[in-house]
Amino acid sequence: MWTLILTALLSFSAMAEEGSTYTNPVTKYSLPDPTVIRAADGYFYMYATEDTHNVPVYRSRDLVKWRYASTAFTDATRPMDFVPNGSIWAPDINYIDGKYVLYYSKSEWGKTWECGIGVAVSDRPNGGFHDAHKLFISSEIGIENCIDPFFISVDGHNYLFFGSFHDIYGVELTADGLSLMPDTEPKKIAGGLIEATMIVPHDGYYYLIGSAGTCCEGANSTYRLVMARSRDLFGPYVDRNGRSAAANHFSPLLNKSPEVYGPGHCSEFVTDDAGQTWVLYHGFQASNVDAGRVVYLDRVQWGADGWPQIQGMRPSVEAEAPVFNTDAIEGHELNADKCTVTLDGDGTGAPNAYLRIDSPDDQLFSWKLFNASGLMLDHGQARHTAIVDTSTIRKGVYMISLSGHFGHQTEKVHFN
């Protein structure tokens with residue numbers, strides 16, 4: 001496989017200065033249910049429910065400035081083996097056994113017995129996911145509304161937790177994370193008050209973070225983050241007063257504010273290079289509700305009693321920024337004003353099966369593919385991402401011409 005990625009030189013300091021600030025939200029586009037991973041190249045990659053078709057992927061070096069990178073799937077690789085007319089919700093990104101592994105929900109709104117959870121893999125964090133397949137659907141395992149997957153590995157064993165307002169369950173996975181362990185049975189760990197499970201180990205406890213209330217009603221959304229904890233991964237989980245999470249007792253972590261409605265469905269916790277803990281989550285910006293569920297960032301502090309806390313239990317407006325050593329980042333920052341062009345396989349091992357063009361914005365752009373003699377071989381238009389079938393292209397040098405809101409761009413492409 002050969003990849004060409006347009007790059008620009010880095011022009012930022014090696015370490016973000018302590019005391020620098022950022023303002024919320026950190027994205028202006030609707031990116032519900034964020035999940036994040038720090039990849040091998042040192043960058044953070046964030047995935048979200050597909051308000052952008054085929055699951056958007058954004059890239060950042062500091063959790064604050066995010067740039068659209070690609071989509072996890074294309075129409076050709078999009079999972080279709082269950083809920084074929086459904087949308088892809090609440091992805092969960094992980095690195096397992098040398099692969100980027102993406103768990104996802106597939107559902108149609110209101111069809112709580114037809115929905116389910118699948119998994120796909122990629123060699124890289126910014127898309128190219130393939131071999132997508134179903135793990136299970138609700139009707140097969142007798143648990144209603146099986147969505148919102150969350151992966152965690154403990155003591156060499158892999159587990160997946162899931163559920164949405166019909167109790168939260170956990171189940172063991174195989175070593176590669178791509179199948180259920182044979183003869184395993186899901187085990188209930190919490191009641192039906194919540195969805196969007198996230199579990200974080202800290203100082204001998206497992207903290208179960210979930211979202212209660214309504215997620216998607218704009219200014220009327222009642223979404224909020226709640227929590228419980230346990231000494232054991234599978235419980236029993238209890239709130240601050242020792243009451244059972246299985247009986248729907250949780251303690252508050254984050255509520256709405258005058259600036260943010262319905263904050264919830266948080267990402268994994270992230271530790272910066274100063275040892276501080278951070279979390280991403282979505283919410284409606286009161287000043288621009290129509291933008292959808294945009295992404296917020298806040299610091300999580302650990303109290304003397306061990307419980308996580310967010311200052312004031314409200315989203316911040318402006319706060320001190322995370323601290324990251326950018327010397328750890330390999331390669332070059334993608335130019336925010338240019339397209340990226342990638343030659344890649346189709347997941348079957350065939351080289352140069354398609355050419356992928358990712359735009360820096362969500363405006364319509366056009367592309368044209370020329371051979372060395374200047375003959376146009378193909379052309380088209382797209383938003384965000386264009387996939388050009390190159391399976392019949394002979395080896396040689398070609399030109400790709402791009403025009404859009406970003407201006408005009410011409411690049412040389414080598415086909416193997």
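**Backbone, cysteines and overall fold of a predicted model**

A196 lies in strand β14, which covers residues 194-202; helices (H or I, at least four residues) and strands (E, at least two) are DSSP runs, numbered from the N terminus. The structure is a predicted model, in which local features need pLDDT of at least 70 and side-chain atom pairs count only at pLDDT 80 or more, while totals for chains, interfaces and linings use all residues. Residues are numbered from 1 along each chain as its sequence is written, and side-chain values use heavy atoms, with hydrogens and water left out.

Most residues other than glycine have a negative phi, and most peptide bonds are trans. A196, although not a glycine, has a positive phi of about 55 degrees, and with a relative accessible area of 2% A196 is buried (buried means under 20% relative accessible area, exposed over 50%, and partly exposed in between, with a 1.4 Å probe and protein chains only). A positive phi, near 55 degrees, is also found at D155, likewise a residue other than glycine; D155 lies in the loop between β10 (150-154) and β11 (157-162) and, at 74% relative accessibility, counts as exposed. P25 is placed in the loop between β1 (21-23) and β2 (35-38), whereas P236 is in the loop between β16 (224-230) and β17 (251-254).

A disulfide is a covalent bond between the sulfur atoms of two cysteines. With a disulfide taken as a pair of cysteine sulfur atoms within 2.5 Å, the count comes to one, and this link joins C215 to C216 with an S to S distance of 2.0 Å. The link of C215 and C216 is left-handed, with -80 degrees about the S-S bond. C215 counts as buried at 13% relative accessibility, while C216, with a relative accessible area of 33%, is partly exposed. C266 is in no disulfide, and the nearest cysteine sulfur, that of C215, is 14 Å away. C266 counts as buried at 6% relative accessibility, as does C339 at 1%.

Y261 is found in strand β18 (residues 260-264), and G283 in strand β20 (residues 277-285). Leaving aside neighbours within four places in sequence, Y261 is in contact with G283 and F284, among others, where contact means heavy atoms within 4.5 Å. G283 and R293 are 10 residues apart in sequence and 4.9 Å apart in space, C-alpha to C-alpha, and G283 counts as buried at 0% relative accessibility.

Over the whole model, the chain has one helix and 30 strands. The radius of gyration of the chain is 22 Å, close to the 22 Å that the globule rule gives for 416 residues, so the chain is as compact as a globular protein of that length; this radius is taken over C-alpha atoms, and the globule rule is 2.2 Å times the number of residues to the power 0.38. Along its principal axes the C-alpha trace spans about 75 × 50 × 40 Å. Buried residues make up 56% of the 416 residues, and residues 24 or more positions apart account for 55% of the contacts with a separation of 6 or more.
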